[in-house]
Amino acid sequence: MQAQNLEIGGLRIVDEKIRQLVKPNLSHLRFVEQVQAHPDAPAVVFDGQVLTYRQLDIESSRLAHCLLAHGVARGGIVALYMTRGPELVACTLAVLKAGAAYVPMDSQYPAERLAYMLADSQAPLLLTQRCIVEKLQESAVDLGQTCVVELDQSPMYLQASAAMPARTVQGDD
């Protein structure tokens, strides 16, 4: 073995023809395939709310553009502190479409755990909703340098493009 300092991604284990057949299973790209195949089929059903694949795609793309406008970089981290529902699904897809990763912060977690998760992840952006962000603020969680975006109060979100962002997570991320 001559190339001891070679990165794993640079090794040729299989020939290129087989490599093209084996594509990474990225959830947001699978989602886009479903949007194209079944745009009007229900994608999320929660508490009487129904979002089709097309509607969820539009919502998540708008959110992804907002994330990019807030400076979320490829490989960056976004904290999600949201109630369960269609908005949470749209946010997770948006983060992936923006090329980032997310830290799910459940509103039922104790304040100490939320504070630890936020500090440990060093997430520069926290997506949340007005109805629960007050709980976080009242519990004296130190938000430090974290930018807090209340999606239900953000005019930027409503004006954002519904087109798929150009930058997304790739198989080597």
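Cys 131 is exposed, with a relative accessible area of 55%, where exposed means over 50%, buried under 20% and partly exposed in between (1.4 Å probe, protein chains only). This is a predicted model, in which local features need pLDDT of at least 70 and side-chain atom pairs count only at pLDDT 80 or more, while totals for chains, interfaces and linings use all residues. Residues are numbered from 1 along each chain as its sequence is written, and side-chain values use heavy atoms, with hydrogens and water left out.

Another cysteine, Cys 147, is partly exposed, at a relative accessible area of 33%. A search for disulfides (pairs of cysteine sulfur atoms within 2.5 Å) across the whole structure finds zero.

Cys 147 is also the bridge partner, in S6, of Leu 125. Strands S5 and S6 (residues 147-150) run parallel and are joined by four bridges, and strands count as paired if DSSP finds at least two bridges between them. Between S5 and S6 the chain passes through helix H6 (residues 130-138), making a right-handed β-α-β crossover.

Leu 125 leads on to the largest nonpolar core, which has 24 residues; Leu 125 is one of those that touch the most other members, as are Leu 56 and Cys 91. A nonpolar core is a set of buried Ala, Val, Leu, Ile, Met, Phe, Trp, Tyr and Cys residues joined through side-chain atoms within 4.5 Å. Among the elements that give two or more residues to this core are helix H3 (53-69) and strand S5 (125-128). Apart from this core lies another, of 13 residues, including Leu 114 and Val 141.

How values were computed:
A crossover is right-handed if, with the strands pointing away from the viewer, the path from the first strand over the helix to the second runs clockwise.
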